[in-house]
Amino acid sequence: MPKSRQRKKRPASQSAGRGGWTGRVVAAVLAAGLGVGIYLWRHVDGGDGIRVDVTVPDLSGRAARGEAAFARACAGCHGSDAAGSDRGPPLVHGIYEPGHHADVAFYNAIANGVRAHHWPFGDMPPQRHVDRATVREIVSYVRALQCANGIH
Ligand code: HEC
């Protein structure tokens, strides 16, 4: 009696084992797909960088001064109108909305540089020649651009 009960159990436990194996294959396929997706996302631009279309609003006062400072100090990498280039990411981008990268992120980036973590461009070197008052103007400018492009 106990033996026959054991025999009956075996197929059930084997099929459970097979189910677990299938699950692992599915998980592996999904993980591989995710890896390919991330690879394509990072390389799809073929080294031309990432550029976005930016609507430039009327700028005045601090934001207008920020535009000039940005063109001198930042546009070489972040592109004109902060739209991105082959050396740095667009700042008019959901990643840099105020709730995700508060103004302090700009001060820190300029004082200390940025280790590459979101993009495949490499590190941003510190920009210590840009003083705090100018950073404030640049932040006004970038926030005005973001706002005009639906990034709040
Ligand atoms: C030599 C190229 C270069 C210059 C010049 C440059 N940046 Fe960057 N910056 C980068 C790169 C590349 C990144 C993205 C790093 C990452 O997340 O992968 C970045 C990221 C940033 C970030 C995001 C920081 C964070 O916390 O993730 C801010 C803000 C920023 N830059 C602002 C500026 C401003 C403002 C200027 C001009 C004063 C400037 N950058 C000049 C290359 C540059």
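Residues are numbered from 1 along each chain as its sequence is written. Because the model is predicted, local features need pLDDT of at least 70 and side-chain atom pairs count only at pLDDT 80 or more, while totals for chains, interfaces and linings use all residues.

**View A. Confidence along the chain.** Let's start with pLDDT, the predictor's confidence in each residue, from 0 to 100. The chain averages 84, and 71% of the residues score at least 70. Over residues 42–46 the pLDDT stays under 50, and the model has 2 contacts beyond four places in sequence for this stretch. Two residues are in contact if their C-beta atoms, placed from the backbone, lie within 7 Å.

**View B. Helix 2 against helix 5.** Helices here are DSSP runs (H or I, at least four residues), numbered from the N terminus. The axes of helix 2 (residues 61–73) and helix 5 come within 7 Å and cross at roughly 105°. Axes are lines fitted to C-alpha atoms over the stretch in contact, with angles from 0 to 180 degrees between N-to-C directions. Helix 2 is therefore roughly perpendicular to helix 5 (65 to 115 degrees). Helix 2 brings Arg 62, Ala 63, Arg 65, Gly 66, Glu 67, Ala 69 and Phe 70 to the contact, and helix 5 brings Thr 134, Glu 137, Ile 138, Ser 140, Tyr 141 and Ala 144. By class, these residues are 6 nonpolar, 3 polar and 4 charged. Ala, Val, Leu, Ile, Met, Phe, Trp, Tyr, Cys and Pro count as nonpolar, Asp, Glu, Lys and Arg as charged, and the others, Gly among them, as polar.

**View C. Helix 4 against helix 5.** Here the axes of helix 4 (residues 103–112) and helix 5 (residues 132–148) come within 10 Å and cross at roughly 135°. Asp 103, Phe 106, Tyr 107 and Ile 110 of helix 4 meet Arg 132, Val 135, Ile 138 and Val 139 of helix 5. This contact has 6 nonpolar, no polar and 2 charged residues.

**View D. The shell around the ligand.** Cys 74, Cys 77, Gly 88, His 118 and Met 124 come nearest of the 25 residues around the ligand (C-beta atom, placed from the backbone, within 6 Å). Helix 3 (75–78) and helix 4 are the elements that give two or more residues to this shell. Helix 4 gives the most, with 4 residues. The shell divides into 16 nonpolar, 8 polar and 1 charged.

How values were computed
Angles under 35 degrees count as roughly parallel, over 145 as roughly antiparallel, 65 to 115 as roughly perpendicular and the rest as oblique.
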